[in-house]
Amino acid sequence: METKFKTLKDIPLEEELVPGTMICAGCGGALLVRIFEKVLGSNVITVNAAGCMTMLSVFPFTPFKSSWFYVAMASAPAAAQGVRDALDILIKKKKIDTKDNLKVLVLTGDGAASGIGLQSTSAAIHRGLDFYYLVYDNEAFSNTGFQASESSPFASATKTTTPTETYEGVMSQKKDLFEIWRAHKPPYIATISPAYIKDMMQKIERSSQFTGPKLFIANSPCPPGWGIESDQVIRVANLAVETGIWPLKEAVNGEVRHTWMQKRRPVEEYLKTQERFEHLFKPTRNGEIINQLQKRVDDYWSSVTK
Amino acid sequence: MKQLITGNAAVATAVKLCNVEYIPAYPITPQTEIIELLSRWINEEKMDAKFVTYDSEHSMISAAGAASLTGARTFTASSSQGLLYAFEMLYNVSGWRAPIVLANVSRAVASPITMEPDHNDVLAARDSGFLQIHAETCQEVLDSVIMAYKISEDNRVRLPVIVNLDGFYLSYTREPVDIPEQELVSQFLPEYKPVFGYLNAQNPISMGVAVLSSNAYSYFKYQLHLASLNALTVHEEVSNQFEKLFGRKYGLVDEYMLDDADYVIVMTNSFTTMGKAAINRLREEGKKVGLLRIRMIRPFPKKVIAEKLAGKKAVGVIDQNVSVGSGGILYPEITSALYHSQERPKSIISFIGGLGGKKISISEFRHILSTLETSSHTDKFPVQSIMLFTEDDWGSVKEMLKIAGKGDVSGN
Amino acid sequence: MITISLFGRGGQGIKTASHIVGDVAFSSGNHVQDQPLYGAERRGAPISAYVRISQTPILERGQIANSSLVVIADDSLLDSSVDNPLQTVTDSTVIMINSSKDPSEIRTRHKINNVLVVSDLTKLTQDITHKSILGVAVASATCKLLGFEFELVEKSLKSELKEIGIHQEDISRNIELAKSCFNQTACAKIETITKIKIKESPIIEPIYHHPQISTCTITATGNSRLRDRGAWSNFKPVIDYDGCTKCMICYVYCPDSAFTIDSKGSPVVDYDACKGCNICKTECPTKVISLVRRENK
């Protein structure tokens, strides 16, 4: 498929979100939403589940030029289905014109997507809902102050998994949302990164040829939660990809293809950048856990052929 | 044209007559017949609507509100556990001012889990912002669903409505129902054409937004309350229009032998029919007793209730529900409506009966009446709700407890 | 009762400051009530905190209506009509502002006739600690104003900073900072709130409005520009156009849509929109973006 986005300079210049939100300075998620909405263009309804991005629209201000609908934490995909179905009914009955049609985008964090909202997401994918789904994965329940979610990585510190002398943070493995979704065999799934904007734009473009669920999980560095300076967000996202911790891939009708397959840097380089992993280095280096994390990444990539 | 149909079928028929366009569904006993009928009619192309089964009632009601806001006339149905599962979304949908109609087929709430009716499910939603109309007969169910859309879509209200019908006693019970002509219903209830606030590309809108300032929140919530109170007058108008076209009139309350009654029993929903039968029996025995049925629960028709009960010697309220730790739910709403009335009855007493669908027997009605009589002669006013339970009831429960391994349990 | 209202921005340590002041007052044998108030837990977003100190049990809660002492940790808040930190000021309120500006300039500009203390606490904080957590400086200066002893400040600091996970070497530096601020600030006469003239507002009866008005929706789309985010950070990016290759990387990576591309293809910063995350500076491949301390308008 020929792409409109050959270089970064092909980025659409129209802003679908105007400035002035109360999202944290340097938020990875905010950048992801900005780019995603640019590529989708106008005539979008963003259906949102409770999370950081809920703060985009706070009465009486909204940054959206298109429509926005905040629902609840568990049921954004269900509400999206209601909107999509009603739009189709109105268009079929000619109560609204086809030019009044809207693209439906569900926007949630990892907390909603991988836990409380998983049920309604699974059902929406199962029904073949024609929608886009963007998960900004900042690996915790960030809006409430950064507590552990099912997406929090092994050995990371959060407010509910504060490391101590005998406790190293989250003790479960990060839930593999990509595989859970892929088991439903939707037309399109992809992982994206704010450090790889061209890759992101091309993936959104590729997904748009399909009718049905078009699902995206985005690595979303969070300055206050991850313990990084706000200007380091892209650097850290870059390292997540370059260490192999955040594979960039897509699955078309269940068939996986990676879009980044280069020589990987040691995961330690990524871990060192964030305070949420600081307990693995201070007061002493925890070689055992760092090796475990490295091994997990190595095991993943050893089974990747494309 | 009269047909013998169940309460569930009456709901489905009304939905079809109202040209509902979208039906998000989730099955739960005793409501399933409603969605089975509707989906069949749609598949048989007898009805032009979209039917979608959702993953839970919480999702279902989210979708119902969303579809309604987008501009489609929407219907959904639930019961008991399902209604409670969706609980937070009830408040959301009313806050969104989405004019959906939800048929609740009342069923007692777990634990213990049961299939029989009482009103703890629907009354739990009383604060949610949904209007509530409670029906006694299958005819009333059908008529109320049609009226509900008209009230709901009125811009003086613009709130979702629950029409409540008792599980089994109405939902699966067939009664003669006069089914209105489609043309007349279409005349009464025109096509749903929202003028504002519906989602489309021409008029972008941000909805359901966070409100962090407390004075704005208070404002929005007061408006919701005022909208619900407006429904008292809108219901009256709609009810008059309904009578003109269909010949049946519904009030906020329903009276039975009330005028010259000294003692009044207040009830709601289908068990009222049994109450009316008891009234007949007691009247034959020379008792001047009557019955008041409350039909509109939200908004609560305080003024009308105060008028109807003025001057009565004593009133017994039968709550087919219990607010655990307090007593009947409707009882305090009724007494507060009467508190300042010059002619309020000397005594108003709370009774709890029919929980989990337990039949209210003639012995219990007699007991209610004698309690009322005693209270009007003496100063014996029970403070706590009287729990209606007979020796026969206890006898069979005692047996079951024994079988369940609890040994011999004494009742008192 | 003495009421203290503190104003700052998320990330500056205002909540910590209110806890320290509260602790110090409490360990001096007073009844104390302190609470923060934030709309959203966001770095850079306005945050306020309230401390009540009394000899007798405190029969009040929530936002303070009339302040004995107003402490403004970020002078950019003074220019924001939405945040308005001077709202609770009465004739007898003492005002302390963290600013590098001249006190008389502040008085004139904001029409302040009260007792006014101006200190450049930001500079003191940066001189002593690596991390510019202002809260420690603010707390210490506030306690001095209120007439408390330094030992209590030091004690409270140690436990509060340990509680929020600050390392020992940073705690010592913060104590040094606190001492410096304490010594630099003079005591002030802080009045109790007793016979203050409270502004009252009559009750109105709400009337029903058409749901188009009374539903929480926003039809004025894209209106968040009305919110000035420009004051969220002290440092702003400035582009040296001589070295700019128009690669657009700064434009692409800005999370807040604060860049536009002009007709010549050059990136232009909207300083009212820029929150100062400085991603653009870090990502610029030719390093032509530098950070300059923001001046108030």
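Predicted model: local features only at pLDDT ≥ 70, side-chain atom pairs only at ≥ 80, totals over all residues.

Mentor: Asn253(A) sits in the loop between strand 7 (249–252) and strand 8 (255–258) of chain A. Residues are numbered from 1 along each chain as its sequence is written, and chains are lettered from A and ligands numbered from 1 in the order in which they are written.

Although Asn253(A) is not a glycine, its phi is positive, at about 50 degrees. Asn253(A) is exposed, with 12 other C-beta atoms within 10 Å. The classes count other C-beta atoms, placed from the backbone, within 10 Å of a residue's own: 20 or more is buried, 12 or fewer is exposed, and anything in between is partly exposed. A positive phi is also found in chain C, where Lys246(C), not a glycine, has about 60 degrees. Lys246(C) belongs to the loop between strand 8 (235–239) and helix 8 (249–253) of chain C, and with 14 other C-beta atoms within 10 Å it is partly exposed.

Back in chain A, some loops hold cis peptide bonds. One runs from Phe59(A) to Pro60(A), with omega near 0 degrees; Pro60(A) lies in the loop between strand 1 (44–48) and strand 2 (67–70). Another runs from Lys282(A) to Pro283(A), with omega near -5 degrees. The loop holding Pro283(A) lies between helix 9 (267–271) and helix 10 (287–302) of chain A.

Chain A also has a helix pair to describe. The axes of helix 1 (residues 28–40) and helix 6 (residues 197–207) of chain A come within 10 Å and cross at roughly 40 degrees. Axes are lines fitted to C-alpha atoms over the stretch in contact, and angles run from 0 to 180 degrees between N-to-C directions. Helix 1 and helix 6 of chain A are therefore oblique to each other, since under 35 degrees counts as roughly parallel, over 145 as roughly antiparallel, 65 to 115 as roughly perpendicular and the rest as oblique. From helix 1 of chain A, Ile35(A), Phe36(A) and Val39(A) meet residues of helix 6 of chain A, including Met200(A), Ile204(A) and Glu205(A); contact means C-beta atoms, placed from the backbone, within 7 Å. The residues of this contact are 7 nonpolar, no polar and 1 charged. Ala, Val, Leu, Ile, Met, Phe, Trp, Tyr, Cys and Pro count as nonpolar, Asp, Glu, Lys and Arg as charged, and the others, Gly among them, as polar.

Chain A touches chain B through 38 residues of chain A and 35 of chain B. On the chain B side, helix 3 gives the largest share, 8 residues. By class, that side has 20 nonpolar, 11 polar and 4 charged residues.

As for chain B itself, it has 14 helices and 16 strands. Of its 412 residues, 52% count as buried. Its C-alpha atoms fill a box of roughly 70 × 55 × 50 Å along the principal axes.

Methods. Helix = DSSP H or I, 4+ residues; strand = E, 2+ residues; numbered from the N terminus. Contact = placed C-beta atoms within 7 Å.
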